[in-house]
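Grab a pencil and work through these exercises with the model open beside you. Try each task before you read its solution.

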Amino acid sequence: MGRPAKPLISRDSTVAASIEIIDTEGMDAFSLPRVAKHLNVSTSSLYHHFADRRELMTEVAKEIMLEAVVPGHPPGKDWVEWFVDLSLNYRDAILRHPNAALVLVQFLPRDILTSTYEKCARILDDAGVPASLHVVILDGLEKLSLATTLTELMRQPAGSTEIFPNVDARRHPTLTRALATNRWSSRELFVVTIRGFLAGVVSGAPSSEALPQTSRMPVRSRT
């Protein structure tokens with residue numbers, strides 16, 4: 001399809017319009033004609049900036065993830081707590097766009113986060129975490145953060161705060177007791193999961209490698 005000689009819209013405005021449509025109407029409503037209508041242009045105008053739907057979706061995924069703030073790392077900041085804060089920021093960015101969550105799974109290019117990974121690796125290095133553990137930590141945190149947040153978004157009905165729905169006290173007595181004693185919110189459970197993952201990686205490393213201690217701070221309730 002040919003491109004118009006002069007662009008009628010900007011790349012940024014197209015991405016913003018796409019996110020707005022996905023947020024308000026859902027992925028089923030998203031299409032290039034729908035975006036064009038939202039921008040009051042013809043569909044052909046979109047091709048001045050994007051080769052196809054996939055390229056636009058990739059930019060949408062980038063924009064959502066770039067909303068996550070990479071926290072500062074002041075001297076003396078516990079390295080585990082820094083990674084908890086970073087993971088929470090990514091979780092919050094995804095939760096702000098629940099309808100677009102699967103876009104991240106399908107279209108997010110990892111290279112958009114390379115500079116963040118470099119900062120993460122430097123923090124691990126400064127904390128004394130062996131270089132041999134950096135990849136498993138960075139790769140694992142990304143997958144864990146995305147998977148746990150998507151799981152939360154997929155609970156039915158949408159927005160449900162139930163950890164395990166449809167639990168029957170008679171048929172599932174042990175799980176019922178476990179749920180009754182749980183005092184952690186979904187956000188706090190996420191923090192515990194991140195800390196547990198980091199502690200497991202460190203404790204499972206070869207004993208010949210000197211490792212820093214992971215944080216043992218209690219879960220902080222954050223809103």
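**Exercise 1.** In this predicted model, find what the buried residues of α2 pack against.

*Solution.* Start with the buried residues of α2 (residues 32–39): they are Leu-32, Val-35 and Ala-36. They cover an arc of only 100 degrees around the axis, which puts them on the same side of α2. Now look at the partners: the buried residues of α2 pack against α1 (11–25), α3 (43–46) and α4 (53–66).

**Exercise 2.** Check the span of helix α7 (residues 114–126), then sort its buried and exposed residues.

*Solution.* Step one is the span. With 13 residues at 1.5 Å a residue, α7 should span 18 Å, and its end C-alpha atoms are 18 Å apart, so the two agree.

Step two is burial. Thr-116, Tyr-117, Cys-120, Ala-121, Ile-123 and Leu-124 are buried in α7. Their arc is only 160 degrees around the axis, which puts them on the same side of α7. Their cover includes α5 (79–95) and α8 (134–153).

Step three is the face turned away from that buried side: there you'll find the exposed residues Ser-115, Asp-125 and Asp-126.

Finally, step just past the helix: Gly-128 takes a positive phi of about 90 degrees.

Terms used: Residues numbered from 1 in each chain as written. Predicted model: local features only at pLDDT ≥ 70, side-chain atom pairs only at ≥ 80, totals over all residues. Heavy atoms only, no water. Helix = DSSP H or I, 4+ residues; strand = E, 2+ residues; numbered from the N terminus. Expected span 1.5 Å × (residues − 1). Buried < 20%, exposed > 50% of the residue type's maximum accessible area, 1.4 Å probe, protein only. Arc of directions from axis to C-beta. Contact = heavy atoms within 4.5 Å.
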